[in-house]
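Visitor: Please put the sequence and the model on the screen, and then I will ask about particular places in it.

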Amino acid sequence: MKEIPFKVSARAARLIGAENIANAESAVIELIKNSYDADAETCLVYFEHVFNEIPSFFTKQEFEYLCVAPAFNDFSLHFKTLPENLYEIEIILTEEDIKLGVTKDELHESIIDWLSNICRIWIVDDGHGMNEKTIEDNWMTIGTNNKEKSPVTKKFKRIKSGAKGLGRFALDKLGALSSVYICPDLEYYQLNKENSTMEWYNKWESFLEEGKTLDNVKARLGYGALDRLFHLNYLPNEIFINELDFKFENHGVIICCDYNKENWHKERQKRLSDSLETLIPPTDKDNFSLFFVSNKFSDLNKKVSSAVNTNYDYKVNARLSDDHSIIIEIDRNEFEVSEFPEEFYESEKFKNLDTSVEDFKKGVQVHKLTLKNLFPKIDEFESIGSLSLSFYFSKQGNPAKVDLDKFMYKSFDLSTRKSWAETFGGLRIFRDNFRVRPYGEPGSAKDWLGLGDRAASSPAGIGNSDGGWRVRPNQISGVVNISRVKNPKLADKSSREGIQENDEFAQFKSVIVKIIEIFENDRAEIGAELKAIYDRKNADALKEEQANTLSKQLLKGANSGNRNTSTEETTPEQDNLKLLASQYEKKKEQLEELMEEQKILRSLATIGTISSSFSHDLKLLHGKLIKRFIPVQKVLELNHRYSIDNNLQFTEGLHDSLERVEMFKNQDSSMKDWINFSLLGVKKDKRRRRKVYFEQYFKQLKKVWAKKFEDRDVDFDIDEISHESALKCFEIDLDCIFNNLVVNSVEAFSQKDAPPTRIIKIEIKSSDNDIIIFYSDSGPGLSKDIINPQRIFQCFFTTKVNEHSGEDEGTGIGMWMVKSTINEYRGSTKLLLDKSGFGLEIKIPKNI
């Protein structure tokens, strides 16, 4: 058996390369990356419109250049030869033109447009260039891995941005003919001074010849003249006539992409120029300067630099180190802190910020955390290397006057903010100082973290006392910096447009979202306390009470007047007041009905969280239920025939089948228990306010959970409860509290660090004024990595995350509903942190 080699057609190789470069703009960026990887200090992108001004006559050289340009055949008829090897435009109408009604003016305009759009794209740098060996072994080898083997540059110690070895196909995107002039850095390559420059040429159409394989495609390489002024020798002189004052060292690479394939009109060049600004992260890089020049649109000429945002509400800088320690610096610029009242600094919300009054007034707070603090239930994210995050939060609308008073916002220039958001909005990713597209760009990629969905699921404002405020994607702008060396698993897609969607990328996103949550909680704590202070000062409750009293008085007077036989007439004003009072009372009744509906919805939400704890059982049952009767049916049929043939009543196979049927019955019983449990929460008697006796209630609760406790080997221990111990309440509220607590305990018992003994204990005590319930379990308890344990009562706070991706799996509403329900009964909660496992003290007034 002989061995035969694979062959790659030249056409396929070109298509692979073209697929890896999404568009012409991306091609320019790829070539800039190559300059950066070559330790260049200066890089220039230059658009040379060959016929910036349309001449009256064309020289022989200009005409020969046009003869090989794309679309020349469409216009060749209209060039007239003159003496002395000159050419001019002369419009000739063909019979087809006349038939179609085409005029000479229209044809002349088409030719002028074609000539005006012909341009060369130059990418110039003063990097270390290439020697002949590098050209042959690396530049001419498609898919080379030299940047993976040597990821750090020699001179400036930059992390090389490329890795796939396909960047040279960017030339194909930009022009039909590529000319590359190379002057190697003699010191870098340890060359003799006699070495001259090299010239490399390639026509990309040669890849498309029928039947041609890749090894038969040849580029041309030759030596140019030895010249001390490399860039001046090869570049057009006009390139240096500007006010940008760029300078090149006497080595590097000059790339000329001729016969452009796309129309580079002014708007497109401006988009590229602007996108180069977003290519540069907002940090100073003194050793790499990027310039953009156009000979036709000189107003676009500039040194490319990233803008600095000074019009923001919050600025957050975070750095994750290799040891998974995190430093987060929050710079608050949103509030007029000097106007904050003293009571703000005495509040629980301020204490939650974990800072001093003096430091708070300075506006900057530093959090020193670990990855474990952000993900207490995950042992380690091995694939996440060091990274940094810097972002701005900016409101994108003018606050209402009441909000200005309530939250004491600073004034700001909205138009400047909107302009910044249009250019720099979104959170962008940079790998080794170069932009990874499309993250942060308009469209779905702008919200690659799913911030919009988070905000939609938690639409609370910053004044919400329970927290839960979430930033909107249009309010945030910034950069995430990663490194190919530190984060090797965050690799590009083959198209170079984005990072591969794997577990590592999901973990990476989860880390970023958790850091953003630190900022969200900071702003929400401040906003909630400011709103509370505002509400107290405006005495809304007193006004509502006064309105209630007035309404009752008016209605009482109206009713007594109806019973009075007097014929005394009422005035229209009195009638209007009575009507207003009547409607007010109806609205109050409607509000009370809505609150009752809210209780039912809360109960249903509790059922949803409980369903999560049953989900594992249901998934196992799902596959079994579909096929559960197939093996029974087959065995019964076989044994039935065998029994008839041999006159037998029972067989071993029939006995096994009966055991299988019994097992199916047990499985159906589990499903029945779950359905009954779900329906139990919305029974009518649970929605009536009545006296609920705790002894009976907890016995019923134990019965409902009995099957689950048996399956999970959980002991539900109810301390002796007085027969008279009771509370006038809605039973669904008790279900909301204790079902959520039990769900958390049962799930905690399944954790890796949970002790083998599984006990849930209920104790009830009574004081003169309160009923005190102690709930505890023997699980692992709250993680010590949760810095502020009180956060478990905040809406959407959860420690239940996917161990692979780090994405939240818990709803984050269970403990919030527990706290909210207890608050409705004017009760209080206290975490018992001084004991093993989880413990909670619930105190509810008797007379409510």
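Guide: Helices here are DSSP runs of H or I with at least four residues, strands are DSSP runs of E with at least two, and both are numbered from the N terminus. The model is predicted.

Visitor: Is His324 buried or exposed?
Guide: Buried means under 20% relative accessible area. His324 has 10% relative accessibility, so it counts as buried.

Visitor: Gln190 has a positive phi although it is not a glycine; is Gln190 buried or exposed?
Guide: Phi of Gln190 is about 55°, and the residue lies in the loop between α10 (186-189) and β6 (198-203). The cut-off for exposed is over 50%. At 71% relative accessibility, Gln190 therefore counts as exposed.

Visitor: About what omega does the cis peptide bond between Arg437 and Pro438 have?
Guide: Pro438 has its place in the loop between β16 and α19 (451-457). The bond that joins Arg437 to Pro438 is cis, with an omega of about 10°.

Visitor: How are the rings of Tyr36 and Phe434 arranged?
Guide: The structure holds 54 aromatic pairs. In the pair of Tyr36 and Phe434, the ring centres are 4.7 Å apart and the planes stand at 75°. Planes over 60 degrees apart count as edge-to-face, so this pair is edge-to-face.

Visitor: How many residues apart in sequence are the parts that Tyr36 and Phe434 tie together?
Guide: Both Tyr36 and Phe434 are buried. Tyr36 belongs to helix α2 (residues 24-37) and Phe434 to strand β16 (residues 434-436), so the parts tied together are separated in sequence by 398 residues.

Visitor: Which residue has its charged end over the ring of Tyr36?
Guide: A charge over a ring also occurs at Trp469, where the charged end of Arg523 sits 4.6 Å from the ring centre. Over the ring of Tyr36, at 4.4 Å from its centre, sits the charged end of Arg158.

Visitor: Which elements are among those that cover the buried residues of α6?
Guide: Helix α6 (residues 104-117) has 14 residues and reaches 20 Å between its first and last C-alpha, close to the 20 Å expected. Its buried residues are Leu107, Ile111, Trp114, Leu115 and Ser116. Trp114 also belongs to a cluster linked by ring pairs, with Phe51, Phe58, Phe63, Phe72, Phe75, Phe79 and Tyr87. The cover includes β1 (42-49), α3 (60-67), α4 (72-75), β2 (79-82), β3 (86-89) and α5 (95-100).

Visitor: How far apart are the end C-alpha atoms of helix α12 (residues 266-279)?
Guide: The buried residues of α12 include Arg268, Gln269, Leu272 and Glu277. At 1.5 Å a residue, the 14 residues of α12 should span 20 Å, which agrees with the distance between the end C-alpha atoms, 20 Å.

Visitor: How many of the residues of β14 are buried?
Guide: Leu387, Leu389, Phe391 and Phe393 point one way from β14, while Ser388, Ser390 and Tyr392 point the other way, and all are buried. β14 is therefore largely enclosed by the rest of the structure, with a buried count of seven of the seven.

Visitor: Which residue stands opposite Tyr392 in β17?
Guide: β14 pairs in the antiparallel sense with strand β11 (residues 314-320) over seven bridges, and there the bridge partner of Arg319 is Ser388. With strand β17 (residues 476-482), β14 pairs in the antiparallel sense over six bridges. In β17, the residue opposite Tyr392 is Ser477.

Visitor: With which side chain does the side chain of Ser390 make a polar contact?
Guide: Ser390 lies in strand β14 (residues 387-393) and counts as buried because its relative accessibility is 19%. Beyond four places in sequence, Ser390 touches residues including Lys315, Val316, Gly478 and Val479. Its side-chain polar contact, at 2.7 Å, is with Asn317.

Visitor: Which residues form the covered face of strand β13 (residues 364-370)?
Guide: β13 pairs in the antiparallel sense with strand β12 (residues 325-332) over seven bridges, with Ile327 opposite Lys368. Lys368 is on the uncovered face, along with Val364, Val366 and Thr370. The covered face is made of Gln365, His367 and Leu369.

Notes. Residues numbered from 1 in each chain as written. Predicted model: local features only at pLDDT ≥ 70, side-chain atom pairs only at ≥ 80, totals over all residues. Heavy atoms only, no water. Phe/Tyr/Trp six-rings, centres within 6.5 Å; stacked < 30°, edge-to-face > 60°. Buried < 20%, exposed > 50% of the residue type's maximum accessible area, 1.4 Å probe, protein only. Lys NZ or Arg CZ within 6 Å of the ring centre and 35° of its normal. Polar contact = N/O pair within 3.5 Å; in protein donor to acceptor, adjacent residues only side chain to side chain. Contact = heavy atoms within 4.5 Å. Expected span 1.5 Å × (residues − 1). Pairing = 2+ DSSP bridges.
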